[in-house]
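Me: I have a structure open and would like to go through it. Can we start with a single residue and work outward?

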Amino acid sequence: MTGIIISGPARCGKNSLVNHITNKDICVLKLDALIRGFQKSNKKIERKLFLNFIKKYLVNPRYQDSYKKKKNFPYEYVKLSADKILKKINFSKLSSSQLIISIFDSWIKLKKKKYWIVPDLNAEVYCQELFKFKSNLFVIFIFRNPIEAITASLYWRTYPKKNNSFAFFIYKIILWNLSYFISVRIKNKMPDSVDIINYENFF
């Protein structure tokens, strides 16, 4: 079972890239996976709590607008019950990130597909930990011209209004550069599991 995470800084095109995938052999989640962001805890989850976690994950909304009126859910793509997913998970304890990866693995087992692909922000923060858990996991980092990406962030969900906070602007500059720096280091360390691509080559 092969898993692929499409990642990178905000407004760099990860969701756009995922939305163009139409291969029938691939299970595609066209929402941010929130692998690290769904439950920010390093504590292991016992198996008796897996089912409740899976149910909550599948119905956790991803808001599509600043007013939080438009939303989508993972279950709309996975289209499987939590009970069926649980039966394919053969672990007694997992971290929240490992359990989410296991949900995706169960998804392709049950759908009899070869791959799963999900978009997620800043996988450079957690991917090295998950490479130890899942050997056939790959991460593709997509980067967009920083001027365009950071400018787009200033208008995210508020266009035509702009976020005029200078602190926010500086934060976005630092975040883009830090993400790129870490991603390059990880690629140099694990070239067979990580790739870096440019937004401009696809769109």
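**Arg-144 and onward**

Reply: This is a predicted model. Arg-144 has 19% relative accessibility and counts as buried, because buried means under 20%.

Me: What does the side chain of Arg-144 meet in a salt bridge?

Reply: The partner is Glu-148, at 3.5 Å from N to O. Glu-148 is partly exposed, with a relative accessible area of 37%.

Me: How many salt bridges does the count come to?

Reply: The count comes to 6. One of them joins Lys-14 and Asp-32, whose closest N and O atoms are 3.6 Å apart. Lys-14 is in helix α1 and Asp-32 is in the loop between β2 and β3, so this pair ties together parts 18 residues apart in sequence.

Me: Is Lys-14 buried or exposed?

Reply: Lys-14 is buried, at 7% relative accessibility. Asp-32 is partly exposed, at 21%.

Me: Changing topic: which residues of helix α2 are buried?

Reply: In α2, residues 50-58, they are Phe-50, Phe-53, Ile-54, Tyr-57 and Leu-58. They cover an arc of only 125° around the axis, which puts them on the same side of α2.

Me: And what do the buried residues of α2 pack against?

Reply: Their contacts include the strands β3, β4 and β6, and also the helices α3, α4 and α5.

Me: Now the surface. Which residues form a nonpolar patch there?

Reply: Phe-166, Phe-169, Ile-170, Ile-174, Leu-178 and Phe-181 form one, with about 590 Å² of accessible area together. Phe-169 is in helix α8, residues 166-189, and counts as partly exposed at 31% relative accessibility.

Methods. Residues are numbered from 1 along each chain as its sequence is written. This is a predicted model: local features need pLDDT of at least 70, side-chain atom pairs count only at pLDDT 80 or more; totals for chains, interfaces and linings use all residues. Side-chain values use heavy atoms; hydrogens and water are left out. Buried means under 20% relative accessible area, exposed over 50%, partly exposed in between (1.4 Å probe, protein chains only). Helices (H or I, at least four residues) and strands (E, at least two) are DSSP runs, numbered from the N terminus. The arc is that of the directions from the helix axis to the C-beta atoms. Contact means heavy atoms within 4.5 Å. Patches are made of residues with over 30% relative accessible area and no salt bridge: like charges are joined within 9 Å, nonpolar side chains (Val, Leu, Ile, Met, Phe, Trp, Tyr) within 5 Å. Accessible areas come from the Shrake-Rupley method with a 1.4 Å probe; for residues, only the protein chains shown count as cover. A salt bridge is a side-chain nitrogen of Lys or Arg within 4 Å of a carboxyl oxygen of Asp or Glu.
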